[in-house]
Amino acid sequence: MKKQHITHTLQSGICEITYTDEYSVEHSMIGTLAQTHLPDDVDTMDIPNDQNMFVVFNVPKEKWMTLSAHLVINIEQLT
């Protein structure tokens with residue numbers, strides 16, 4: 001999946017992201033990049049400009065995660 005599509009969807013609201021890890025195990029997480037859904041005391045996280053990597057705020061765990069766009073199977077906007 002394209003990084004630009006993923007980040008645009010995450011900036012629009014809360015999303016469910018389905019991805020595989022390095023062992024090809026499928027995982028699902030709830031994440032966002034929408035400012036309105038981020039806690040006030042959370043700083044944004046940046047990573048070097050990489051074609052495949054992106055950061056996402058894991059809403060239930062309240063922490064930043066870095067994922068590779070090519071491991072994303074599906075992204076569905078929930079809000």
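Two strands count as paired if DSSP finds at least two bridges between them. Helices (H or I, at least four residues) and strands (E, at least two) are DSSP runs, numbered from the N terminus. The model is predicted: local features need pLDDT of at least 70, side-chain atom pairs count only at pLDDT 80 or more, and totals for chains, interfaces and linings use all residues. Residues are numbered from 1 along each chain as its sequence is written, and side-chain values use heavy atoms, with hydrogens and water left out.

**Strands 3 and 4.** Select residues 53-58 and 63-68. These are strand 3 and strand 4, which run antiparallel and are joined by six bridges. Met53 has Ser68 as its bridge partner in strand 4, and Val56 has Met65. Four residues lie between the two strands of this hairpin, and Glu62 in the turn has a positive phi of about 55°.

Next select residues 3-12. Within it, pick Leu10: residues up to four places away in sequence aside, Leu10 touches Ile17, Phe54, Val56 and Ile75, among others. Contact means heavy atoms within 4.5 Å.

**The core.** The largest nonpolar core has 18 residues, and Leu10, Ile17, Phe54, Val56 and Leu67 have the most contacts inside it. Helix 1, strand 1, strand 3, strand 4 and strand 5 each give two or more residues to this core; strand 3 gives the most, with four. A nonpolar core is a set of buried Ala, Val, Leu, Ile, Met, Phe, Trp, Tyr and Cys residues joined through side-chain atoms within 4.5 Å.

**Phe57.** Phe57 is buried, at 2% relative accessible area (buried means under 20%, exposed over 50%, partly exposed in between, with a 1.4 Å probe and protein chains only).
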